[in-house]
Amino acid sequence: MKHTQYKLSVNIKPILLGILAFFSFAIANETAFAAEEKTINFATSNSIAPYFFVDKKGGLQYELLNAALKMHHLQLGDITFATNRRALRLVKTKKVDCLINAPSNSDGLFLTQSLIEYQNSVFFLTKNKLKIDTIQDLKNYSLIGFQNADHFLGEEFLALSKTHKNYNEIASQQNQVLMLFSERIQAIILEQRIFDYYRNQINNRIKLPYQVTQVILFDQAPRFIACHDPDTTALVDEAISQLKQTNHYQQILLNAEQGIYEITGPINE
């Protein structure tokens, strides 16, 4: 009897492809699950309405950041409101993950792209017909800026603020608006959306509906996020990119112009 030895012929390529596909699927699922479960905690300066509300989960920047993270399967965790210096220290000591509205020179931290831009402007009552066309013109009028404005508005304004005999800074931005409408000051420097927000808030306290002139002397200020970990920075940056490519980004901005903010609950539940 003739014995024939048969070789087992198996096409191994489909098996290898199947194994690779399985592991790729498993890794992808694990990555997506990890991203979905990742919670990122933030610090920022003391409440800046209408960008953040200190007592509730809402505000223009809050909505933008929350929407961006959700699109990227990330969770917006706690937001710690603190002084600028303390907020920066919380991130550098890794007690929170990221700093909102970080300066562009945040040494030792990793910056994302800008989430939104602020527009600081000069405001005065139109009826007073102030002649303000340049930063140097400001020295002719009594002026109040927001806290630390001299460090945010460029070298020319910093130099002027040191010699301006009637320039002051105060922490309460609502009080700035009140002082303007009560004519206790000739001009104020404030971020445009913040001015609009507080003007609407104090309408019932303004005796006359004065018209206001806005003068834009300063460049738009990009608002960066800085994280102590480059991987977290990359995730947040990609989340911002995704949101900016959607209509939802513009819709949130448009809603804010009409004073519409989505409040999701108290800040401490």
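Some ground rules. Residues are numbered from 1 along each chain as its sequence is written, and side-chain values use heavy atoms, with hydrogens and water left out. Because the model is predicted, local features need pLDDT of at least 70 and side-chain atom pairs count only at pLDDT 80 or more, while totals for chains, interfaces and linings use all residues.

Pockets, then. On a 1 Å grid over the protein atoms alone, a pocket is an open set of points where a 1.4 Å probe fits, with protein on both sides within 12 Å along at least five of seven lines; lining residues have an atom within 4 Å of a point. A volume is the space filled by probe spheres set on the points, which are joined across faces, edges and corners.

The largest pocket has a volume of about 1300 Å³. It is lined by 39 residues, and Ser45, Asn84, Gln147, Asn148 and Phe152 are the closest to its centre. Helices (H or I, at least four residues) and strands (E, at least two) are DSSP runs, numbered from the N terminus. Helix H3 supplies the largest share of this lining, 5 residues. By class, the lining holds 17 nonpolar, 17 polar and 5 charged residues. Here Ala, Val, Leu, Ile, Met, Phe, Trp, Tyr, Cys and Pro are nonpolar, Asp, Glu, Lys and Arg are charged, and the others, Gly among them, are polar.

The second largest pocket holds about 370 Å³. Among its 20 lining residues, Gln192, Arg193, Asp196, Ala256 and Glu257 are the closest to the centre. H6 gives the most to that lining, with 6 residues.

Next, the helix pair. How do H2 and H7 pack? Helix H2 (residues 60-71) and helix H7 (residues 230-244) meet at an angle of about 100°, their axes 8 Å apart. Axes are lines fitted to C-alpha atoms, for helices over the stretch in contact, and angles run from 0 to 180 degrees between N-to-C directions. H2 and H7 are therefore roughly perpendicular (65 to 115 degrees). The contact (heavy atoms within 4.5 Å) includes Leu64 of H2 and Val236 of H7. Its residues divide into 9 nonpolar, 1 polar and no charged.

Last, the sheet. Five strands form an open, mixed sheet in the order E8-E7-E9-E6-E10. Two strands pair if DSSP finds at least two bridges between them. E8 and E10 stand at the edges with a single partner strand each, so one side of each lacks a neighbour in the sheet. Inside it, E6 and E9 pair in the antiparallel sense over 4 bridges, and asparagine 120 stands opposite glutamate 191 in E9.

Note on methods
Angles under 35 degrees count as roughly parallel, over 145 as roughly antiparallel, 65 to 115 as roughly perpendicular and the rest as oblique.
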